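Open the structure in your viewer and keep the selection tool at hand. This tour goes stop by stop.

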Amino acid sequence: QVQLVESGGGLVQSGGSLRLSCAASGSIFSVGAMGWYRQAPGKQRELVAGITSGGTTDYADSVKDRFTISRGSSKNYFLQMNSLKPEDTAVYYCNLVYRESLLSHEFSAWGQGTQVTVSS
(Lines give C-alpha, C1' and ligand atoms only; values in the text may rest on other atoms or scores of the structure.)
Protein backbone atom coordinates (compact mmCIF):
# COMPACT_ATOMS: atom_id res chain seq x y z
CA GLN A 1 0.00 0.00 0.00
CA VAL A 2 1.37 3.37 -1.02
CA GLN A 3 1.68 6.10 1.57
CA LEU A 4 2.07 9.78 0.78
CA VAL A 5 3.70 12.38 3.01
CA GLU A 6 3.42 16.10 2.31
CA SER A 7 5.84 18.69 3.64
CA GLY A 8 6.76 22.30 3.11
CA GLY A 9 3.70 24.07 4.43
CA GLY A 10 3.86 26.96 6.82
CA LEU A 11 3.06 30.59 7.47
CA VAL A 12 4.03 33.13 4.84
CA GLN A 13 3.16 36.75 4.13
CA SER A 14 1.08 37.75 1.17
CA GLY A 15 3.25 37.80 -1.95
CA GLY A 16 5.59 35.18 -0.57
CA SER A 17 6.45 31.70 -1.81
CA LEU A 18 6.37 28.15 -0.56
CA ARG A 19 7.36 24.83 -2.09
CA LEU A 20 5.36 21.79 -1.13
CA SER A 21 6.73 18.28 -1.49
CA CYS A 22 4.94 14.95 -1.69
CA ALA A 23 6.92 11.78 -1.13
CA ALA A 24 5.47 8.36 -1.89
CA SER A 25 6.57 5.09 -0.34
CA GLY A 26 5.48 1.59 -1.26
CA SER A 27 5.15 -0.45 -4.41
CA ILE A 28 4.32 1.56 -7.53
CA PHE A 29 4.34 -0.07 -10.96
CA SER A 30 2.99 2.92 -12.80
CA VAL A 31 1.41 6.29 -12.08
CA GLY A 32 -1.69 7.49 -13.83
CA ALA A 33 -1.80 10.99 -12.46
CA MET A 34 -0.88 13.06 -9.46
CA GLY A 35 -2.73 16.03 -8.08
CA TRP A 36 -2.47 18.70 -5.44
CA TYR A 37 -5.75 19.54 -3.72
CA ARG A 38 -6.60 22.05 -1.04
CA GLN A 39 -9.37 22.48 1.47
CA ALA A 40 -10.10 25.71 3.28
CA PRO A 41 -12.27 25.78 6.42
CA GLY A 42 -15.94 25.41 5.55
CA LYS A 43 -15.20 24.72 1.89
CA GLN A 44 -15.03 21.65 -0.29
CA ARG A 45 -11.74 20.12 -1.29
CA GLU A 46 -10.68 21.43 -4.69
CA LEU A 47 -8.14 20.37 -7.27
CA VAL A 48 -5.39 22.97 -7.55
CA ALA A 49 -2.94 21.36 -9.99
CA GLY A 50 -2.43 18.03 -11.68
CA ILE A 51 0.18 16.23 -13.72
CA THR A 52 -0.22 13.10 -15.81
CA SER A 53 2.29 10.32 -16.34
CA GLY A 54 3.10 11.92 -19.67
CA GLY A 55 3.92 15.22 -18.04
CA THR A 56 0.82 17.15 -19.04
CA THR A 57 -0.10 19.71 -16.40
CA ASP A 58 -3.21 21.68 -15.65
CA TYR A 59 -4.18 24.22 -13.05
CA ALA A 60 -7.21 25.75 -11.44
CA ASP A 61 -7.87 29.23 -12.81
CA SER A 62 -7.27 30.70 -9.36
CA VAL A 63 -3.63 29.57 -9.29
CA LYS A 64 -2.60 29.72 -12.95
CA ASP A 65 0.65 31.62 -13.52
CA ARG A 66 1.39 31.48 -9.79
CA PHE A 67 1.69 27.75 -8.99
CA THR A 68 3.82 25.16 -10.77
CA ILE A 69 3.48 21.40 -10.35
CA SER A 70 6.45 19.18 -11.09
CA ARG A 71 7.86 15.77 -10.34
CA GLY A 72 11.30 14.48 -9.54
CA SER A 73 10.40 10.82 -10.04
CA SER A 74 7.37 8.57 -9.83
CA LYS A 75 7.63 8.94 -6.05
CA ASN A 76 8.41 12.64 -5.61
CA TYR A 77 6.19 15.55 -6.54
CA PHE A 78 6.32 19.25 -5.88
CA LEU A 79 4.13 22.32 -5.92
CA GLN A 80 5.92 25.66 -6.22
CA MET A 81 3.62 28.40 -5.00
CA ASN A 82 4.53 32.01 -5.77
CA SER A 83 2.73 35.29 -5.22
CA LEU A 84 0.67 33.72 -2.46
CA LYS A 85 -2.56 35.36 -1.42
CA PRO A 86 -4.58 35.09 1.81
CA GLU A 87 -7.24 33.15 -0.14
CA ASP A 88 -4.65 30.43 -0.77
CA THR A 89 -4.81 29.57 2.92
CA ALA A 90 -5.87 25.93 3.24
CA VAL A 91 -4.70 22.43 4.02
CA TYR A 92 -2.97 21.09 0.92
CA TYR A 93 -3.16 17.39 0.08
CA CYS A 94 -1.41 15.31 -2.55
CA ASN A 95 -3.18 12.50 -4.34
CA LEU A 96 -1.65 9.75 -6.45
CA VAL A 97 -3.45 7.40 -8.84
CA TYR A 98 -1.29 4.38 -9.43
CA ARG A 99 -1.07 0.67 -10.23
CA GLU A 100 0.83 -1.87 -8.18
CA SER A 101 1.33 -4.17 -11.17
CA LEU A 102 0.51 -4.32 -14.87
CA LEU A 103 -2.78 -6.12 -14.27
CA SER A 104 -3.82 -4.48 -11.00
CA HIS A 105 -6.65 -2.05 -10.61
CA GLU A 106 -5.90 1.61 -10.18
CA PHE A 107 -5.57 2.77 -6.61
CA SER A 108 -5.82 6.24 -5.17
CA ALA A 109 -3.68 7.35 -2.24
CA TRP A 110 -3.93 10.55 -0.18
CA GLY A 111 -1.47 12.27 2.07
CA GLN A 112 -2.33 13.62 5.50
CA GLY A 113 -2.15 17.23 4.38
CA THR A 114 0.06 20.20 5.15
CA GLN A 115 -1.20 23.56 6.35
CA VAL A 116 -0.49 26.67 4.30
CA THR A 117 -1.38 29.98 5.89
CA VAL A 118 -0.94 33.26 4.05
CA SER A 119 -1.17 36.43 6.15
CA SER A 120 -2.24 39.75 4.71
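## The tour

Select Ser83 to begin: this residue lies in the loop between β8 and β9 (90-99). Keep in mind that you are looking at a predicted model.

**Stop 1: Ser83.** Check the backbone here. Phi of Ser83 is near 50°, a positive value in a residue other than glycine. Most residues other than glycine have a negative phi. Is Ser83 buried, partly exposed or exposed? Ser83 counts as partly exposed, because its relative accessibility is 42%, between the cut-offs of 20% and 50%.

**Stop 2: the open sheet.** Select β1, β3, β8 and β7 together. They make an open sheet of 4 strands in the order β1-β3-β8-β7, and the pairing is antiparallel. Which strands sit at the edges? The edge strands are β1 (3-7) and β7 (67-73), and each pairs on one side only. Neighbouring strands of this sheet are turned by 15° against each other on average, direction ignored.

**Stop 3: β8 and its two partners.** Select residues 76-81, which form strand β8. Take the β7 side to start. β7 and β8 pair in the antiparallel sense over 6 bridges.

Now turn to the β3 side. Strand β3 covers residues 18-25 and pairs with β8 in the antiparallel sense, over 6 bridges. Pick Ser21 in your viewer. Its bridge partner in β8 is Phe78.

**Stop 4: Asp65.** Go to the loop between β6 (57-59) and β7, where Asp65 has its place. Phi of Asp65 is near 70°, a positive value in a residue other than glycine. Is Asp65 buried or exposed? Asp65 counts as exposed, because its relative accessibility is 83%, and the cut-off for exposed is over 50%.

**Stop 5: strand β9.** Select residues 90-99, the strand β9. How many of its residues are buried? The count is 7 of the 10 residues of β9, so the strand is largely enclosed by the rest of the structure.

Follow its pairings one by one.

- **β4:** Strand β4 (residues 30-39) pairs with β9 in the antiparallel sense over 9 bridges. Pick Met34 and find Leu96 in β9 opposite it.
- **β10:** Strand β10 (residues 106-110) runs antiparallel to β9, and 5 bridges join them. Pick Tyr98; its bridge partner in β10 is Phe107. β9 and β10 form a hairpin with 6 residues between them.
- **β11:** Strand β11 (residues 114-119) pairs with β9 in the antiparallel sense over 3 bridges. Pick Ala90, which stands opposite Val116 in β11.

**Stop 6: Arg45 and two rings.** Show side chains and select Arg45, Tyr93 and Trp110. What does the charged end of Arg45 sit over? One ring is that of Tyr93, with the charged end 3.8 Å from its centre. Another is the ring of Trp110, where the charged end of Arg45 sits 4.8 Å from the centre.

Keep the side chains on and colour Phe, Tyr and Trp. How many aromatic pairs are there? The count comes to 2 aromatic pairs, with ring centres within 6.5 Å as the cut-off.

Technical notes. Residues numbered from 1 in each chain as written. Predicted model: local features only at pLDDT ≥ 70, side-chain atom pairs only at ≥ 80, totals over all residues. Heavy atoms only, no water. Pairing = 2+ DSSP bridges. Helix = DSSP H or I, 4+ residues; strand = E, 2+ residues; numbered from the N terminus. Axes fitted to C-alpha atoms, helices over the stretch in contact; angles between N-to-C directions. Buried < 20%, exposed > 50% of the residue type's maximum accessible area, 1.4 Å probe, protein only. Phe/Tyr/Trp six-rings, centres within 6.5 Å; stacked < 30°, edge-to-face > 60°. Lys NZ or Arg CZ within 6 Å of the ring centre and 35° of its normal.
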